[in-house]
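Subject: Structure handover

Hello,

I am passing a structure on to you. Please open it alongside this email and follow along.

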Amino acid sequence: MAASGTALAGLVAFGLFGVGCSSGGTGTRDEGPAGSQPVAQITPQPSPSGTTPPVRRVDAVRLLKSDPKVGERVREGLKPCAGKAYPIDTSYGSMTGGRTADVVVNVMSCADSVSVGTYVYRADDDGSYKNVFAAEVPAVYGTIDRGDLVVTTQVYGSKDPLASPSGSEVVTYRWASDRFTEHDRVHNDFSRAVEGTDGDLPVQSEPVEPEPETADEPAQPGRN
């Protein structure tokens, strides 16, 4: 009788355990940490609106030719160098906090590929672009660096060739109060110490390898 009672109790306990596990049809996956975490927590969330403005491609040539702030000399010289390719570099990035990416346009000459003008355009709410920065000097080039406008200008002396400027001016502009203001300026002077013809430098002799006898054996006094 005692053995029968013990066996019956074991069967009842096993039956209750089976009912608990089969509830819902998924077994132990109904419980535990895995079931309590929502799927949305591991889904990548979109970046907040406005942090990365969309890039809208522009016709830089048309933009320059219709811009009254572009000098007449630059507009007249804006012609294709070969075929239909214009000497223009265009960059897009966020500098002014607008809804659309700002546009930096550098215009170069076909003859020597030296930039003659840098322009920045900001998109208005109506979709048009407004010139908010212009620099028209020889050898000027603008870039976007971490939200700032960096304009580099090569500095030439009276006898400097085009390929060898005397230095450079690097000016960083930051957008504030609806315009670009100078934030930082760095002047670089280039060294002339390594320049010159081959006749100005000492002639370097060819290295001579020592003979095996003199290189391996030390000299002995009195030995011929």
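Below is what was found, from the whole chain down to single residues.

One caution to begin with: this is a predicted model.

**The chain as a whole**

The chain has 224 residues, and 23% of them are buried. Its secondary structure comes to five helices and eight strands. Along the sequence the order is α-α-α-α-β-β-β-β-β-β-β-β-α. The accessible surface is about 16500 Å². Carbon and sulfur atoms account for 54% of that surface. Take the contacts between residues at least 6 apart in sequence: 36% of them join residues at least 24 apart.

**Strand S3 and its two partners**

Start with strand S3, residues 115-123. Seven of its nine residues are buried, so the rest of the structure largely encloses this strand.

S3 pairs with strand S2 (residues 102-108). The pairing is antiparallel and runs over six bridges. Within it, Asn106 stands opposite Thr118 of S3. S2 and S3 form a hairpin with six residues between the strands. Ser113 in that hairpin takes a positive phi near 60 degrees.

S3 also pairs with strand S4 (residues 129-135). Again the strands run antiparallel, joined by six bridges. Here Val120 faces Phe133 of S4, the two standing opposite each other. This hairpin has five residues between its strands. Gly127 sits in the turn, with a positive phi of about 95 degrees.

**The nonpolar cores**

In soluble globular proteins, nonpolar side chains tend to be buried together. Which residues of the largest nonpolar core touch the most other members? They are Leu64, Ile88, Val105, Val107, Tyr119 and Tyr121, out of 15 residues in that core. Helix H3 (60-65), S2 and S3 each supply at least two of the core residues. H3 gives the most, with four.

Setting aside neighbours within four places in sequence, Leu64 is in contact with Val70, Arg75, Leu78, Ile88, Val105, Val107, Tyr119 and Tyr121.

There is also a second, separate core of 12 residues. Its members include Ala135, Val151, Tyr173 and Phe180.

**The four-stranded sheet**

Next, look at the open sheet of four strands, in the order S5-S6-S7-S8. The pairing is antiparallel. Which strands stand at the edges? They are S5 (140-145) and S8 (179-189). Each has a single partner strand, so one side of each has no neighbour in the sheet. On average, neighbouring strands of this sheet are turned by 20 degrees against each other, direction ignored.

S8 pairs with strand S7 (residues 167-176) over 10 bridges, in the antiparallel sense.

**Asp148**

Is Asp148 buried or exposed? Its relative accessibility is 12%, and the cut-off for buried is under 20%, so Asp148 counts as buried. Its side chain makes a polar contact with the side chain of Arg174, at 2.8 Å. Leaving out residues up to four places away in sequence, Asp148 touches Met95, Thr143, Thr172, Tyr173 and Arg174. Among these, Tyr173 is also a member of the second core.

Best wishes

Methods:
Residues are numbered from 1 along each chain as its sequence is written. This is a predicted model: local features need pLDDT of at least 70, side-chain atom pairs count only at pLDDT 80 or more; totals for chains, interfaces and linings use all residues. Side-chain values use heavy atoms; hydrogens and water are left out. Buried means under 20% relative accessible area, exposed over 50%, partly exposed in between (1.4 Å probe, protein chains only). Two strands pair if DSSP finds at least two bridges between them. Contact means heavy atoms within 4.5 Å. Accessible areas come from the Shrake-Rupley method with a 1.4 Å probe; for residues, only the protein chains shown count as cover. A polar contact is a pair of N or O atoms within 3.5 Å; within protein, one must be able to donate a hydrogen and the other to accept it, and residues adjacent in sequence count only if both atoms are side-chain atoms. A nonpolar core is a set of buried Ala, Val, Leu, Ile, Met, Phe, Trp, Tyr and Cys residues joined through side-chain atoms within 4.5 Å. Axes are lines fitted to C-alpha atoms, for helices over the stretch in contact, and angles run from 0 to 180 degrees between N-to-C directions.
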